[in-house]
Amino acid sequence: MKKEKTVGLQVREIMGKAGPIIALILLCIFLTLKTDKFLTVNNIMNIARQTSMSGFLALGMMACILTAGIDLSVGFTMTLSTIVMAKCAVEMGLPPFLCIIICVLTGAVLGLVNGLLLTKCKLPHPFISTMGTQNIYKGIGLVITGATPIAGMPLMISWAGSATVTKSTGSILDKMPVGFILMLVVYVLFSIFLTYTRLGRHIYAVGGNMTTAGLSGINVDFVRTSVYVISGIMASLGGIIAVGRSDSAYPLSGLLLDNDAIAAVIIGGTSFFGGKGNVLGTFSGVILISVLRNGLNLLKVSSDMQTIFLGVIIIIAVFIDVVRNGGFKRVKRMKKEGEAKAIA
């Protein structure tokens with residue numbers, strides 16, 4: 001009996017890791033059969049271009065969810081960071097490289113605010129604090145831009161989001177976005193960070209059991225604050241890609257991007273309970289969401305219906321995560337414990 005449970009657990013773990021890849025393959029097969037426009041070089045590169053922005057946001061979101069947290073402000077952290085960069089570059093005429101650094105630092109500071117609200121102000125859950133900062137960052141962006149885009153970025157700023165790997169060689173690299181390559185490099189580095197550095201291991205430890213992590217000498221507040229700083233930095237990098245694609249900083253560009261990031265991370269196998277997840281899973285989740293959105297556009301599904309689809313996918317992914325991690329058993333156990341205390 002014990003052996004059967006062990007085998008069943010192994011099967012669930014394998015399916016948990018392979019599930020997003022299997023779903024991606026099935027989705028690609030379906031879209032290939034439904035439309036001849038899907039499996040073309042131009043469309044594949046379009047998916048890569050879209051992924052290069054959302055991939056950075058999902059990576060930051062993953063860091064937060066690994067500690068059993070969440071960052072609802074990630075979309076407008078991206079927006080406000082790029083608006084500050086655009087103000088410095090276009091209106092103040094600062095050197096482009098300095099403006100990029102300012103953008104990343106702005107993202108880090110906005111993320112730090114989220115982390116300190118959670119750890120120092122002792123707000124009950126990051127859902128509350130980041131929902132508040134989401135609206136604050138959105139409002140600040142609208143105020144300082146007058147709700148109008150800032151266009152005309154210097155070449156150095158727009159390069160990451162608009163350039164391709166090579167030019168006029170007649171190969172597929174002519175259309176491969178530089179932003180996608182940069183995203184892949186960051187994913188590899190982030191995987192190394194989570195696996196081999198002390199802070200990376202502490203992130204998993206805090207997400208696995210915060211109390212135990214604290215008793216073992218880990219600075220829990222520092223780790224929890226750090227993941228929101230990381231999320232802010234990743235959001236700013238995604239914003240640089242987004243600005244390059246449109247050659248402008250748009251004050252509402254971050255709208256609903258947190259939904260895509262959350263969906264990608266949970267679909268990729270990172271647990272809402274914290275402590276479980278990997279970079280490869282998040283990458284597969286990002287690709288899956290990008291392919292889904294691309295496919296729905298090719299099938300001429302309205303944006304309103306796409307929002308419904310994404311909402312359903314998030315609910316299903318969270319439900320699977322709860323089942324996989326014994327969430328219902330945990331709730332029942334807590335209920336029994338509460339009833340026992342009430343009787344006593």
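Q: What share of the contacts in the protein chain with a separation of 6 or more comes from residues 24 or more positions apart?
A: You are looking at a predicted model, where local features need pLDDT of at least 70 and side-chain atom pairs count only at pLDDT 80 or more, while totals for chains, interfaces and linings use all residues. Numbering starts from 1 along each chain as its sequence is written, and side-chain values rest on heavy atoms, with hydrogens and water left out. A contact means heavy atoms within 4.5 Å. Among contacts in the protein chain with a separation of 6 or more, residues 24 or more positions apart supply 75%.

Q: Which helix of the protein chain has the lowest confidence?
A: Confidence here is pLDDT, the predictor's own score for each residue, from 0 to 100. The chain has a mean of 86, and 87% of its residues reach 70 or more. Where pLDDT is low, predicted coordinates should not be read in detail. Confidence is highest in H4, at a mean of 96, while the lowest mean, 55, belongs to residues 327-343, helix H14.

Q: How many helices and strands does the protein chain have?
A: Both are DSSP runs numbered from the N terminus: helices are H or I runs of at least four residues, and strands are E runs of at least two. By that count, the chain holds 14 helices and two strands.

Q: What percentage of residues 177-196 is helix?
A: An unreviewed UniProt entry annotates residues 177-196 as a transmembrane region, along with 14-33, 54-74, 94-118, 139-157, 225-243 and 308-327. UniProt positions follow the numbering used here, feature names are shortened, and such annotations may be inferred rather than shown by experiment. For residues 139-157, the span is 53% helix and 11% strand, with end C-alpha atoms 24 Å apart. Residues 177-196 have end C-alpha atoms 29 Å apart and 0% strand, and their helix share is 95%.

Q: What is the angle at which helices H4 and H5 pack?
A: Two packed helices are described by the angle between their axes and the distance between those axes. The axes are lines fitted to C-alpha atoms, for helices over the stretch in contact, and angles between N-to-C directions run from 0 to 180 degrees. H4 (residues 96-119) and H5 (residues 126-145) have axes 9 Å apart, and their packing angle is about 145°.

Q: How many nonpolar residues are in the contact of H4 with H5?
A: H4 brings Leu110, Val113, Asn114, Leu117 and Leu118, and H5 brings Pro126, Ser129, Thr130, Thr133 and Tyr137. Ala, Val, Leu, Ile, Met, Phe, Trp, Tyr, Cys and Pro count as nonpolar, Asp, Glu, Lys and Arg as charged, and the others, Gly among them, as polar. By class, this contact has no charged residues and four polar ones, and its nonpolar residues number six.

Q: Is Thr77 buried or exposed?
A: Thr77 sits in helix H3 (residues 74-91), and its contacts beyond four places in sequence are Gly107, Leu110, Tyr137, Gly232 and Ala235. Buried means under 20% relative accessible area, exposed over 50%, and partly exposed in between (1.4 Å probe, protein chains only). Because its relative accessibility is 1%, Thr77 counts as buried.

Q: Which residues does Ala235 contact, neighbours within four places in sequence aside?
A: Ala235 belongs to helix H10 and is buried, at a relative accessible area of 0%. With neighbours within four places left aside, Ala235 touches Leu57, Val74, Thr77 and Met78.

Q: What is the relative accessible area of Cys99?
A: Cys99 is found in helix H4. Beyond four places in sequence, its contacts are Met85, Cys88, Ala89, Leu94 and Ile157. Cys99 counts as buried because its relative accessible area is 0%.

Q: Is Lys300 buried or exposed?
A: Most residues other than glycine have a negative phi. Lys300, in the loop between helix H12 (279-298) and helix H13 (303-324), has a positive phi of about 60°. Asp247, in the loop between H10 (220-246) and strand E2 (248-249), also has a positive phi, near 60°, and is partly exposed at 32% relative accessibility. With a relative accessible area of 69%, Lys300 is exposed.
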